[in-house]
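I opened my notebook to look a few things up in this structure. Here is what I wrote down as I went along.

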Amino acid sequence: MTQTTLFDRDTPLYIESASGVLPKFPARRWERWLLRFGFFLIFAAVAVWFEIASDGQQTGTANAELAARIAGIRLGAGIEPIEALHPLVTGILASIIPGGAFGLSIAGCVVGAFLVQLIVQSLERKAVPRPLSVALVVTLSLTPMFFYIVTTNFQAVLSLTFFGFAMIALLRFNTFANTQAGFRAGLLLALASFSDPTAAFAVLVVAAAGMVLEQSRQRARLANGLVIAYPTVAFYAAFAVLGVAFRVGPFAMLGGAPVWNQSNADRLVGALSTPAGALYYSPTVVIAVTLGVLGYLWLGLVGVLLTVSTTLAYLVGYAPTGTSGNSFVMSLLFGIALMQRPRTRAHAWILVGTALLLLCIGWVSAFGRPTILTWMSTLTGGAL
């Protein structure tokens, strides 16, 4: 009997590329930039339209709040400037982006264009049938909620982009045994958390998602989960220790301690009581049911926990001003990035139907969200 060695046990079950290099999509660099530029122009047109329609005020948007907070920073002794920059990644970038709220809108359009191009590339690499790819990309990028986030909430679109990149890397790490992708996924989740604290609540959920994905290397689920969660947990722990060292408390540089926000809770309950608002959690239910039908029940349950985590972040005051639609887009990114190529034609058509249903839900539920409705009303000169 031949003795099994450590290297034999570590041989991955699935190989994503024999050469170790994955193809880019589109294949030519200028074509990739053209695709990004095309999406950027679409998003930027809406951003310019909103800037003109709002007379340059953008009152009530996350970008306006962020720009005002950054403009009010006064460097000096103490921890106040660091607190004002929270979330740190977004704060640092916002401090060097010119143009105030409108400058942040254009920057969000750039980030959003890269996000959509990367999703398109991910679907092509997995050889997802073209009709399904088109349906998924349209569902993600052509809803009022996605346009609202891209054009008014730089903090959210930056975090969602890091989150989407992390989900793609997570699949490569767990299913295709790409160790480098695992470290990248952990770091990207940390960047997402320090771009928008809403994402910090999702990190442990994402680590759990990695544990229920199909594993290339067996008996490594817990280790894989720790690799994903460690960077975010370590960064937050380091900032907490630093806050204690400065005698300002463990949450001082983390945006403040989580505190139940009754006004947010009342607003959520009020929204859910409306016909359109009742669709708020329907995308999560649709995605979970679809994953269950396709044989990914545990992954569907993790998707439900992901929505619970974003709701919890909102209820404890960790969601920024003007936030709306984040949960919808995050759920879509979660499902699209972790989706494998359909096993049968019937599965492919189930996914196409799910994408079109989610597209309809995205449009209808947008009218049940006051912040998005106000944004659309501004764009249309009060027609809505």
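Predicted model: local features only at pLDDT ≥ 70, side-chain atom pairs only at ≥ 80, totals over all residues.

**Entry 1: a definition to start with.** A crossing of two helices is called left-handed if the near helix is turned anticlockwise from the far one by less than a right angle, and right-handed if it is turned clockwise.

**Entry 2: H2 against H6.** I used that definition on helices H2 and H6, and their crossing is right-handed. H2 covers residues 29-53 and H6 covers residues 100-125. Two packed helices are described by the angle between their axes and the distance between the axes. For H2 and H6, I got an angle of about 145° and axes 8 Å apart.

Next I looked up who touches whom. On the H2 side I found, among others, Trp33, Leu35, Phe39, Phe40 and Phe43. On the H6 side the list includes Phe102, Ile106, Cys109, Val110 and Phe114. H2 also brings Arg32, Arg36 and Glu51 to the contact, and among the H6 residues there are Ser105, Gln117 and Gln121. Sorted by kind, the residues of this contact are 16 nonpolar, four polar and three charged.

**Entry 3: the whole chain.** Along its principal axes, the C-alpha trace spans about 75 × 55 × 45 Å.

How much of the chain is buried? Buried residues make up 53% of the 384. The chain exposes about 17,900 Å², and carbon and sulfur atoms supply 70% of that. I also checked contacts between residues at least 6 apart in sequence: 79% of them join residues at least 24 apart.

Entry 4: Then I went through some loops.

- Pro26 sits in the loop between helix H1 (6-9) and H2.
- Asp55 is in the loop between H2 and helix H3 (62-71). Asp55 isn't a glycine, yet its phi is positive, near 60°. Is Asp55 buried or exposed? Its relative accessibility is 65%, and exposed means over 50%, so Asp55 counts as exposed.
- Ala127 turns up in the loop between H6 and helix H7 (130-141). Ala127 also has a positive phi, about 55°, without being a glycine. With a relative accessible area of 38%, Ala127 is partly exposed.

**Entry 5: Met145.** I found Met145 in helix H8 (residues 144-152). Why does Met145 count as buried? Its relative accessibility is 0%, and the cut-off for buried is under 20%, so Met145 qualifies. Leaving out residues up to four places away in sequence, Met145 touches Gly325, Phe328, Gly362, Ser365, Arg369 and Ile372. I also took the distance from Met145 to Ala237: 92 residues apart in sequence, and 33 Å from C-alpha to C-alpha.

**Entry 6: Gly353.** Last stop was Gly353, in helix H17 (residues 345-366). Gly353 counts as partly exposed, at 36% relative accessibility. From Gly353 to Ala185 there are 168 residues in sequence and 30 Å in space, C-alpha to C-alpha.

Key. Residues numbered from 1 in each chain as written. Heavy atoms only, no water. Axes fitted to C-alpha atoms, helices over the stretch in contact; angles between N-to-C directions. Helix = DSSP H or I, 4+ residues; strand = E, 2+ residues; numbered from the N terminus. Contact = heavy atoms within 4.5 Å. Nonpolar A, V, L, I, M, F, W, Y, C, P; charged D, E, K, R; others polar. Buried < 20%, exposed > 50% of the residue type's maximum accessible area, 1.4 Å probe, protein only. Areas by Shrake-Rupley, 256 points an atom, 1.4 Å probe, with all protein chains shown as cover.
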